[in-house]
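Grab a pencil and work through these exercises one at a time. Try each task yourself before you read its solution.

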Amino acid sequence: MAARPKEHVEMMPYTKYEIFRAAYDRVNRYKEAKDFLAAHVLSFAILEDRVTAAYVVAYRVINKEDPPKMNELGKLRFKQLLDLLLGMGVMKMELHESLANAAIKRNELMHEMMWRLNAFNLKNVDELRSLIGEVEKVTERYVKLHGTKKDLKQLTE
């Protein structure tokens, strides 16, 4: 399921910024403490949110309105959002596959966690951070090609 609380829509942009800043700071603290399990879990949550944001922004660019049932986007599966973004032309198949594989890996690690604690490591956390950057980059590129300055501003909201 995608990561977005219902009250997200009503939050002020600065509040969202503070939440993201705190999340990234926490990931960095987890990495410094070598708590890669916690860093991995939070990094994937950030990735899920960035994928959801990419969908919202692209939908706004295409349709000039918010997606239907904006408060229910959390019910969409991660893979569904990836498929929608691929269909909208926001991302290419290579990134789609990398993100889908990251989700599969995350699920496997979570379900086998007790047996695979050593599988949570800095490399995996850094791979997720790289994917977050890629999603943000393709979203911004999509808006620049198809949207307006207002759309670009919404990337940070």
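Accessible areas here come from the Shrake-Rupley method with a 1.4 Å probe, and for residues only the protein chains shown count as cover. This is a predicted model, where local features need pLDDT of at least 70 and side-chain atom pairs count only at pLDDT 80 or more, while totals for chains, interfaces and linings use all residues. Residues are numbered from 1 along each chain as its sequence is written, and side-chain values use heavy atoms, with hydrogens and water left out.

**Exercise 1. Describe the protein chain as a whole.**

Step 1: Start with the surface. The accessible surface of the protein chain comes to about 9500 Å², and 56% of that belongs to carbon and sulfur atoms.

Step 2: Look for helices (DSSP runs of H or I, at least four residues) and strands (runs of E, at least two), both numbered from the N terminus. You'll find six helices and zero strands in the protein chain.

Step 3: Sort residues by relative accessible area: buried means under 20%, exposed over 50%, and partly exposed in between (1.4 Å probe, protein chains only). Of the 157 residues of the protein chain, 39% count as buried.

Step 4: Now check contacts, meaning heavy atoms within 4.5 Å. Take those with a separation of 6 or more: 68% of them in the protein chain are between residues 24 or more positions apart.

**Exercise 2. Work out which way helix H1 faces.**

Step 1: Get its span. H1 covers residues 13–32, which is 20 residues, and reaches 29 Å from its first C-alpha to its last, close to the 28 Å expected at 1.5 Å a residue. That expected span is 1.5 Å times one less than the number of residues.

Step 2: List the buried residues of H1: Lys16, Ala23, Tyr24 and Val27. Seen down the axis of H1, these buried residues fall within an arc of 90°, so they line one face of the helix. The arc is taken from the directions from the helix axis to the C-beta atoms.

Step 3: Ask what that face meets. The buried residues of H1 pack against helix H2 (36–63) and helix H5 (122–146).

Step 4: Check the other side of H1, where Tyr14 and Glu32 are exposed. Just after H1, Lys34 takes a positive phi of about 60°.

**Exercise 3. Find out what holds the most contacts in the largest nonpolar core.**

Step 1: A nonpolar core is a set of buried Ala, Val, Leu, Ile, Met, Phe, Trp, Tyr and Cys residues joined through side-chain atoms within 4.5 Å. The largest one has 41 residues, and those with the most contacts inside it are Leu47, Val51, Phe78, Leu85, Met88 and Leu99.

Step 2: Trace the suppliers. H1, H2, helix H3 (78–88), helix H4 (93–111) and H5 each supply at least two residues of this core, and H2 gives the most, with 13 residues.

Step 3: Zoom in on Val51. Not counting residues up to four places away in sequence, Val51 touches Phe78, Leu81, Leu82, Leu85 and Val135.

**Exercise 4. Compare two aromatic pairs.**

Step 1: Rings of Phe, Tyr and Trp (its six-membered ring) pair if their centres lie within 6.5 Å; planes under 30 degrees apart count as stacked, over 60 as edge-to-face and the rest as tilted. The structure holds four such pairs.

Step 2: Tyr14 and Tyr17 form a tilted pair, 5.7 Å centre to centre with 35° between the planes. Both lie in helix H1, three residues apart, about one turn of the helix. Tyr14 is exposed at 55% relative accessible area, and Tyr17 is partly exposed at 44%.

Step 3: Phe44 and Phe78 also form a tilted pair, 5.4 Å centre to centre with 50° between the planes. This pair links distant parts of the chain, with Phe44 in helix H2 and Phe78 in helix H3, 34 residues apart. Phe44 is buried at 1% relative accessibility, and Phe78 is buried at 7%.
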